Amino acid sequence: MSAQPDHAPVTLYAPAPGAPAELLAQLRADRRADTWVPAFEREWTAALEESRRTFSLGGLYEVVQEWQGRLAAAPAVDAFVAGGCDDSDFIDMAELRGRRR
């Protein structure tokens, strides 16, 4: 019997060493900097503390990846909002759940 795991560990996305600093600079340059920079810093600080406790970089990698995704999606969200798309047919599922009770 082998002491090796019977499955391959999941390889985490590992950003470049300078990715967090580059990301923070991009967030500071964005028009949403007033809200995004403090939110990123809170998440980064929490992930850093978790990393110190667990000796894992996974949480830090996840924060970088999520914020890179938000920053990448921002132009599409802006275009949607600026395009005046009609979202009046939106269904608020939380509201519907409240009505059933």
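1. How many helices and how many strands are there in the chain? The chain has four helices and zero strands. Read from the N terminus, the order of elements is α-α-α-α. The model is a predicted one, and the points below should be read with that in mind.

2. Some totals for the chain come next. Of its 101 residues, 22% are buried.

3. Helix packing can be taken up pair by pair. A pair of packed helices is described by two values, the angle between the axes and the distance between them. For helix α2 (residues 33-54) and helix α3 (residues 58-82), the angle is about 160 degrees and the axes are 8 Å apart. Angles over 145 degrees count as roughly antiparallel, so α2 is roughly antiparallel to α3. The crossing of α2 past α3 is right-handed.

4. Which residues make the contact of α2 with α3? From α2 come Trp36, Ala39, Phe40, Glu43, Trp44, Ala47, Leu48 and Ser51. From α3 come Gly59, Leu60, Val63, Val64, Glu66, Trp67, Arg70, Leu71 and Ala74. By type, the residues of this contact are 12 nonpolar, two polar and three charged.

5. The pair α1 and α3 is described in the same terms. Their axes come within 11 Å and cross at roughly 35 degrees, and α1 passes α3 in a left-handed crossing. On the α1 side the residues are Ala19, Pro20, Leu23, Gln26 and Leu27, and they meet Val64, Trp67, Gln68 and Leu71 of α3. This contact of α1 with α3 divides into seven nonpolar residues, two polar and no charged.

6. The largest nonpolar core has 16 residues. Those that touch the most other members are Leu23, Leu27, Trp36, Phe40 and Trp67. Helices α1 (19-29), α2 and α3 are the elements that give two or more residues to this core. Trp36 can be looked at on its own: leaving out residues up to four places away in sequence, Trp36 touches Leu27, Asp30, Trp67, Arg70, Leu71 and Ala74.

7. Ala19 is located in helix α1. Is Ala19 buried or exposed? Its relative accessibility is 9%, so Ala19 counts as buried. With neighbours within four places in sequence set aside, Ala19 is in contact with Val64 and Gln68. The C-alpha atoms of Ala19 and Gln65 are 9.5 Å apart, although 46 residues separate the two in sequence.

8. Arg32 belongs to the loop between α1 and α2. Why does Arg32 count as buried? Arg32 counts as buried because its relative accessibility is 14%, and the cut-off for buried is under 20%. Apart from neighbours within four places in sequence, the contacts of Arg32 are with Ala74 and Asp78.

9. Another loop residue, Phe55, sits between α2 and α3. Most residues other than glycine have a negative phi. Phe55 is not a glycine, yet its phi is positive, at about 60 degrees. Phe55 has a relative accessible area of 78%, so this residue is exposed.

How values were computed. Residues are numbered from 1 along each chain as its sequence is written. This is a predicted model: local features need pLDDT of at least 70, side-chain atom pairs count only at pLDDT 80 or more; totals for chains, interfaces and linings use all residues. Side-chain values use heavy atoms; hydrogens and water are left out. Axes are lines fitted to C-alpha atoms, for helices over the stretch in contact, and angles run from 0 to 180 degrees between N-to-C directions. Angles under 35 degrees count as roughly parallel, over 145 as roughly antiparallel, 65 to 115 as roughly perpendicular and the rest as oblique. A crossing is left-handed if the near helix is turned anticlockwise from the far one by less than a right angle, and right-handed if clockwise. Contact means heavy atoms within 4.5 Å. Ala, Val, Leu, Ile, Met, Phe, Trp, Tyr, Cys and Pro count as nonpolar, Asp, Glu, Lys and Arg as charged, and the others, Gly among them, as polar. A nonpolar core is a set of buried Ala, Val, Leu, Ile, Met, Phe, Trp, Tyr and Cys residues joined through side-chain atoms within 4.5 Å. Buried means under 20% relative accessible area, exposed over 50%, partly exposed in between (1.4 Å probe, protein chains only).
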